[in-house]
Amino acid sequence: GSGTRFWPVSRKELPKQFLTLFGEQSLIQQAVRRCAELSGPDSTWIVTNAAHAVETGRQIPELAADHILIEPCGRNTAPCIAIAAARVLADDPDAIMLVTPADHVITPNEAFVAAVQRAMSTVEQDPSRLCLFGIVPTRPATGYGYIEQGAGIPESDRVFSVARFREKPNAETAQNFLDAGNFLWNSGIFVWRADTILNALQQHSPGVIEILDRFRDDAGTSQWSSAMEREFSNMPSISIDYAVLEHSKDVCVLEAPFTWDDVG
């Protein structure tokens, strides 16, 4: 992010993930430490851009420098997730990924961890599933995308198929969603197997994978940074929602038991 919504406290060089807005830690510190029970430093990666890499390393000193994946330019969330998945798979071909933004406020941590573990179980039951977290709406918000719940997933606790995704609505439509009772806010937090999301990208957004394949084998090697510099800008700029989630038949949504705010 470039920090426009919290300017002048937040700026291009110091966007909101680096700010201590709630509690005694910055949002990115909270995000990493929220996941500590799920993933230690050896299996945690942060994707950021070159302008923010040094501050990221300063704020998260427990993370090795090569666990900060530096994007040479912004290309939205699908390429971001693709390079993270490739890097994760270089260490563990059976890895399950938790993908989470670094600048959200989520409480309590215990509920978040339990929800991620439930999502992991859902993915383990069926490795083709792409699981995302939906937030029960508290007001007719027009600034969030919405997820329409479908049928419940058998043998899962508050996990549903996705009937469809809905764009940010106008006020009247948002109120209709709230009244219907089966719509959730899209949190942008996901759980899936790393190989599954790359296969889904191959199916639904092959342009991302075409470029990734040029340097995928460099993941986890000394050639990674130079390969990223050479190839990453060739990737299409597209969100994971548009690239995969709105097209896949294997998407499910877990009704989040935690409180969530994207802070801005």
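Two strands count as paired if DSSP finds at least two bridges between them. The close-ups below come from a predicted model.

**View 1. Strand E8 is largely enclosed by the rest of the structure.** E8 covers residues 183-193. Buried here means under 20% relative accessible area.

**View 2. Strand E3 pairs with E8.** E3 spans residues 96-99. The two strands are antiparallel and share four bridges. Leu98 sits opposite Val191 of E8.

**View 3. Strand E5 meets E8.** At Ile135, the bridge partner in E8 is Trp185.

**View 4. Strand E6 pairs with E8.** E6 consists of residues 146-152. Three bridges hold the antiparallel pair E6 and E8. Tyr146 has Trp185 of E8 as its bridge partner. Trp185 is also the bridge partner of Ile135.

**View 5. The second largest pocket has a volume of about 230 Å³.** Its lining comprises 13 residues. Asp66, Ile68, Leu69, Trp224 and Ser225 lie nearest the centre of the pocket. By class, seven lining residues are nonpolar, three are polar and three are charged.

**View 6. Strand E2 and helix H8 both contribute to the lining of the second largest pocket.** E2 covers 68-71, and H8 covers 224-231. Each supplies at least two lining residues. H8 gives the largest share, with four residues.

Conventions. Residues are numbered from 1 along each chain as its sequence is written. This is a predicted model: local features need pLDDT of at least 70, side-chain atom pairs count only at pLDDT 80 or more; totals for chains, interfaces and linings use all residues. Side-chain values use heavy atoms; hydrogens and water are left out. On a 1 Å grid over the protein atoms alone, a cavity is a set of points where a 1.4 Å probe fits but cannot get out, and a pocket is an open set with protein on both sides within 12 Å along at least five of seven lines; lining residues have an atom within 4 Å of a point. Grid points are joined across faces, edges and corners, and a volume is the space filled by probe spheres set on the points. Ala, Val, Leu, Ile, Met, Phe, Trp, Tyr, Cys and Pro count as nonpolar, Asp, Glu, Lys and Arg as charged, and the others, Gly among them, as polar. Buried means under 20% relative accessible area, exposed over 50%, partly exposed in between (1.4 Å probe, protein chains only).
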